[in-house]
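Please read them alongside the sequence and coordinates.

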Amino acid sequence: MPSRDPRIWMWAEALDMMDKAERMRRQFFQPGSPGNPGAARRPTWQPPVDLIETAEEYLVVVALPGVRPDQVQVVIDGGVLIVVGERALPVSDRAGLIHRMEIPHGRFERHIELPPGPLELGRRELADGCLVLSLRKAG
């Protein structure tokens, strides 16, 4: 029989939400296998994405903390937007002991199905840790 004490069910809800958030984090961050020779070319994580539609365009916001603009490639292949790149480990040229690693690094790739209709890749900006792409509605 469920408790009527709101503190108990609120705590249960909070724990459930934390569990769901952790499952989502694991879904987007899947470390590669260093012992596998082909692992260097396969993506090890998928960045989260927002897709927003306005009257004139679609805005795609891809969370890429610590990624340099020259490390990102964007292509449209059929009806799919593909964002590929790599986030380098910030201490790669220095020795260091990692105590916690929650921000994914390594090769990433994200495929985003686009709405039907002709689209043109417009503005591309990497600012505040996010890649913002403008896909203009053509026609």
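1. Glu125 has Val132 in β7 as its bridge partner. Strands β6 and β7 (residues 130-137) run antiparallel and are joined by 7 bridges; two strands count as paired if DSSP finds at least two bridges between them. Strands (E, at least two residues) and helices (H or I, at least four) are DSSP runs, numbered from the N terminus. The model is predicted: local features need pLDDT of at least 70 and side-chain atom pairs count only at pLDDT 80 or more, whereas totals for chains, interfaces and linings use all residues. Residues are numbered from 1 along each chain as its sequence is written, and side-chain values use heavy atoms, with hydrogens and water left out.

2. An open sheet of 4 strands has the order β1-β2-β7-β6, with antiparallel pairing. Its edge strands, β1 and β6 (119-127), each pair on one side only. On average, neighbouring strands of this sheet are turned by 15° against each other, direction ignored (axes are lines fitted to C-alpha atoms, for helices over the stretch in contact; angles run from 0 to 180 degrees between N-to-C directions).

3. Asp128 is located in the loop between β6 and β7. Although Asp128 is not a glycine, its phi is positive, at about 55°. Its relative accessibility is 81%, so Asp128 counts as exposed (exposed means over 50% relative accessible area, buried under 20%, partly exposed in between; 1.4 Å probe, protein chains only).

4. The largest nonpolar core has 17 residues, of which Leu64, Val72, Leu81, Val83 and Leu131 touch the most other members. Such a core is a set of buried Ala, Val, Leu, Ile, Met, Phe, Trp, Tyr and Cys residues joined through side-chain atoms within 4.5 Å. Two or more residues come from each of β2 (57-63), β3 (72-77), β4 (80-87), β5 and β7. Beyond its neighbours within four places in sequence, Leu81 has contacts (heavy atoms within 4.5 Å) that include Val60, Val74, Arg110, Ile112 and Leu135.

5. The structure holds 1 aromatic pair. Trp45 and Phe108 are tilted, at 5.1 Å centre to centre with 55° between the planes (rings of Phe, Tyr and Trp, its six-membered ring, pair if their centres lie within 6.5 Å; planes under 30 degrees apart are stacked, over 60 edge-to-face, the rest tilted). Trp45 lies in the loop between α1 (6-28) and β1 (49-53) and Phe108 in β5 (residues 106-113), 63 residues apart. Trp45 is buried at 4% relative accessible area, and Phe108 is buried at 0%.
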